[in-house]
Amino acid sequence: MPTLLIVHHTPSPNCQAMFEAVVSGATAPEIEGVRVVRRAALSATAADVLDADGCLLGTPANLGYMSGALKHFFDQVFYPCLDSTKGLPFGYYVHGGNDVTGAVRGIESVTTGLGWRRAAEAVTVTGEPDKAALERCWELGATLAAGLAD
């Protein structure tokens with residue numbers, strides 16, 4: 001059964017709402033035959049990535065960059081996964097108070113270095129996520145999971 005790995009750092013109510021919407025989309029009843037595994041960024045391992053068929057990343061934008069927890073995840077998995085995960089489909093969401101540019105740039109840079117393939121449009125939100133933003137998060141989760149079910 002294909003596995004979608006969701007790696008997230010969820011330190012705030014806004015990030016939690018986005019995470020829950022992503023999980024809801026990824027586990028929608030109409031998407032069958034995909035296992036969804038959730039890991040906090042500080043506990044996700046290279047083995048988790050190597051066992052996954054797709055990856056969905058979530059982070060706040062902190063001090064102009066992705067969270068330290070997501071950066072730690074990338075630092076831990078980069079070399080162990082470099083050769084084995086080229087082409088891995090992925091997506092991501094980022095929440096920021098007023099700017100997410102640096103976090104987006106960082107995620108794009110690392111995933112490009114890994115050779116991962118973005119399989120869905122990123123969801124970026126500044127301020128409190130509204131209904132439309134949460135719907136985009138739901139669609140992100142559903143798109144990644146459905147892409148693995150094919």
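Ring pairs link F73, F74, F90, Y92 and W116 into a cluster, where rings of Phe, Tyr and Trp (its six-membered ring) pair if their centres lie within 6.5 Å, and where planes under 30 degrees apart count as stacked, over 60 as edge-to-face and the rest as tilted. The model is a predicted one, in which local features need pLDDT of at least 70 and side-chain atom pairs count only at pLDDT 80 or more, while totals for chains, interfaces and linings use all residues. Residues are numbered from 1 along each chain as its sequence is written, and side-chain values use heavy atoms, with hydrogens and water left out.

**Aromatic pairs**

- The count by the ring rule comes to five aromatic pairs, and one of them is the stacked pair of F90 and Y92, at 6.2 Å centre to centre with 10 degrees between the planes.
- F90 and W116 form a tilted pair, because their ring centres are 6.0 Å apart and their planes stand at 55 degrees.
- This second pair links distant parts of the chain, since F90 belongs to strand β5 (residues 89–96) and W116 to the loop between α4 (101–114) and β6 (117–118), 26 residues apart; helices (H or I, at least four residues) and strands (E, at least two) are DSSP runs, numbered from the N terminus.
- Buried means under 20% relative accessible area, exposed over 50% and partly exposed in between, with a 1.4 Å probe and protein chains only; F90 at 1% is therefore buried, as is Y92 at 2%, and W116 counts as buried at 7%.

**The surroundings of T85**

- T85 lies in the loop between α3 (68–81) and β5, and its relative accessibility of 5% makes it a buried residue.
- The side chain of T85 makes a polar contact with the side chain of W116, at 2.9 Å; a polar contact is a pair of N or O atoms within 3.5 Å, and within protein one must be able to donate a hydrogen and the other to accept it, while residues adjacent in sequence count only if both atoms are side-chain atoms.
- Not counting residues up to four places away in sequence, T85 touches V49, L50 and W116, contact meaning heavy atoms within 4.5 Å.

**Nonpolar cores**

- A nonpolar core is a set of buried Ala, Val, Leu, Ile, Met, Phe, Trp, Tyr and Cys residues joined through side-chain atoms within 4.5 Å; the largest one has 29 residues, and V7, L57, L70, F73, F74 and W116 have the most contacts inside it.
- β1, α2 (46–50), β3, α3, β5 and α4 each supply at least two residues of this core, and α3 gives the most, with six residues.
- Apart from this core lies another, of 24 residues, among them I6, A28, I31 and L56.

**Helix α5**

- The buried residues of α5 include A133, C137, L140 and L148, and the buried residues of this helix pack against β1 (3–8), α1 (13–26), β3 (54–62), β5 and β7 (123–126).
- D130 caps the N-terminal end of α5, with a side-chain oxygen 3.3 Å from the backbone nitrogen of A132.

**Cysteines**

- The count of disulfides comes to zero, a disulfide being a pair of cysteine sulfur atoms within 2.5 Å.
- The sulfur of C55 is too far for a bond because the closest cysteine sulfur, in C81, is 9.2 Å away, and C55 is buried at 0% relative accessibility.
- For C137 the closest cysteine sulfur is in C15, 9.8 Å away and so too far for a bond, and C137 is likewise buried at 0%.
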